[in-house]
Amino acid sequence: MLKLPIVFLFVVGATCSVFPGTAQVLTLKQAVQTALANYPTLKAKAHYVQSSRALVKEAGREYLPDLTVSAQQDYGTVNGQNGPLYSFTGLTAASSGPVFPDQNNAAAFGALYLANVNWNFFAFGRYKEKVAVARRVLEEDTSDLYQERFQEEIEVAGAYLNLLAAQQLIHTQESNLERAQAVQRVVLARVKGQLNPGVDSSQANAEVSAARIELTNAVDAEQQRANELAQLMGVPAGEFVLDTLFLSQVPSTMITPSTVNPQDHPLLKFYKSRIAVSDEETKYLKTYNYPTFSLFGLTQGRGSGFDYNYSAANPDAYTHSYGQGVGVQRINYLVGIGVTWNLTNPLRIHEQVAAQRFTSLGLGDEYELINQRLAAQRVLAETRITNALSNYREAPVQVKAAQDAFNQKNVLYNHGLANILDLTQTQYVLNRAEIDRDIAYNNVWQALLLKAAATGDWDLFITAF
C-alpha cells in the first residue's frame, strides 16, 4: 500500500542542502530530485526494468532455429557385438565394427564432424505468447518503478514538511524559553525585594527548566526528522536549511480538482499490470496442450582409420595414422519434418491453467482492495483540507488571545495583582497556542500532499507554490 504522510500529528523531516554544513537553502523540488537520483530502491527497480527489456529481446529470439555444430576426434577399438542396447542418459559409446569371435584390441583414429539445424516452426502461438508474457512483465516492472518514484516523491515531500515543522517548533520553544527566563528575572527581583513570597521563585525556576526540556525535545525531534530526510535523499545526515515559503503562505490550489483519472493512479496501474501478466501467462500455458511441428536438417562428415574391408577375415585392414584417421572420408546429409506431442500434457496443463486463473482472481481482489482504500483516502483528503484551512484561520486568533492574556497577567503580577500560578498558566497557554499555529500552517500543506497521494497527481502538490 502507498505510504501516505501522517497528517495532523506533529510531523517533521529535513534538509538544508544536498551537502550538509552549507548555508545553501534546499528547496523541496531539489530534495525530491536528489532523492530520485540517489535512492537505492529506485536504482534497483530501474535495473529490473532493464533486465525485463533484455528478456523481451531474448523471448523474441526464441523462434530462431537451433544451429549446432560439433567436432570430435577419437582413438579406440571398434569391437562389435550382437545384442539390444538403449542409450540410457547417453552413457554409451558409438563404436561400430565387425563381430569377432574374441576381443580384438586393434585401435585406430576416427572423427565425426556434424552440423545440425532444428527449427520448431509452428507451435500454435507458443513463441508469440512467450514474447507477450515478457512484454507484460516489462510493463509490470515499469509500472512498479513509476509507482515507487511517485511514492518516493510523496515521502520526501512529507519528510521535508515534517522537518520544516520541527525547525519551526525549535524557534517557538526558544521564544518560550526566553519568555520564561524574562519572567524568572522579574520574579527573582520581586522576591529579593520581598514583594512576593519565595515560593514564586521556585515556580519560575520550574517553568524555565520545563521550557529547556521542551526545547531539547524539539531539537531531538528535528535531528530525527533531518536524519529521515537525509536517508530518503541518499545523502549524509546533517543540518539543513529549508525553504520557509511553506510558513508564509498556503497552497494556491487547495480546492483545485485533480486532472488524473482515479484508475490511472500509479499504484493501481501497477496492480493492474500484475493482473495482465497473470492473464498472459494463462494464455501461454494453454499453448502446451498442442503439438510442435519442426523442420530439421543435418550434414555429417566421418573419418576412420579402419578400412572398408576390415573384418574377421581381414583383421589388418586398418592404420595407426592420425592424418588418415581424422580426415573426412564419408559425408551424409538428412532433411525432414517432424511433429512431437506429449499426449499427457493436457492433463498437467489443465491444472496449471486453473491455478493461474485463480492467481489472476487473487490479484484482482488485491487491486479492488487498493482501489477502495484510495477512494476512501480521497474523501479523507478533502475533509482534512477543510479542517486544515479552518485551523489555519483560527490559529492567529488563538495566538493573539493567548498573547494578550499573558501580557495582562504579566502586568498584573508585576503590580502584585496576580499570583505566579495565574502568570505561568497564561504562559503555558501562549506556548500551546504558538505550537498549534505552527502545526496548523504545516498541516495545510500536509493535507494537500495527502490529496496528491490519494489521487496519484503529484503535480497537484508540486505546482501549488
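Glutamate 139 is partly exposed at 39% relative accessibility, a class that lies between buried (under 20% relative accessible area) and exposed (over 50%), as judged with a 1.4 Å probe and protein chains only. The model is predicted, so that local features need pLDDT of at least 70 and side-chain atom pairs count only at pLDDT 80 or more, whereas totals for chains, interfaces and linings use all residues. Residues are numbered from 1 along each chain as its sequence is written, and side-chain values use heavy atoms, with hydrogens and water left out.

The side chain of glutamate 139 meets that of arginine 136 in a salt bridge, at 3.2 Å from N to O; the term stands for a side-chain nitrogen of Lys or Arg within 4 Å of a carboxyl oxygen of Asp or Glu. Both residues lie in helix 3, three residues apart, or about one turn of the helix, and arginine 136 is partly exposed as well, with 30% relative accessibility. Helices here are DSSP runs of H or I with at least four residues, strands are runs of E with at least two, and both are numbered from the N terminus.

Helix 3 (residues 126-192) packs with helix 8 (residues 345-414) at an angle of about 15 degrees, their axes being 11 Å apart. Helix 3 is therefore roughly parallel to helix 8, a description used for angles under 35 degrees, where the axes are lines fitted to C-alpha atoms over the stretch in contact and angles run from 0 to 180 degrees between N-to-C directions.

Glutamate 382 is partly exposed at 37% relative accessible area, whereas lysine 451 is buried at 3%.

In helix 4 (residues 199-233), arginine 225 and glutamate 228 are three residues apart and therefore separated by about one helical turn, and their side chains meet in a salt bridge of 2.9 Å, N to O. Arginine 225 has a relative accessible area of 22% and glutamate 228 one of 28%, which means that both are partly exposed. Across the whole structure there are twelve salt bridges, and Lys45, Asp144 and Glu148 are linked in a network of such contacts.

Key. Parallel < 35°, antiparallel > 145°, perpendicular 65-115°, else oblique.
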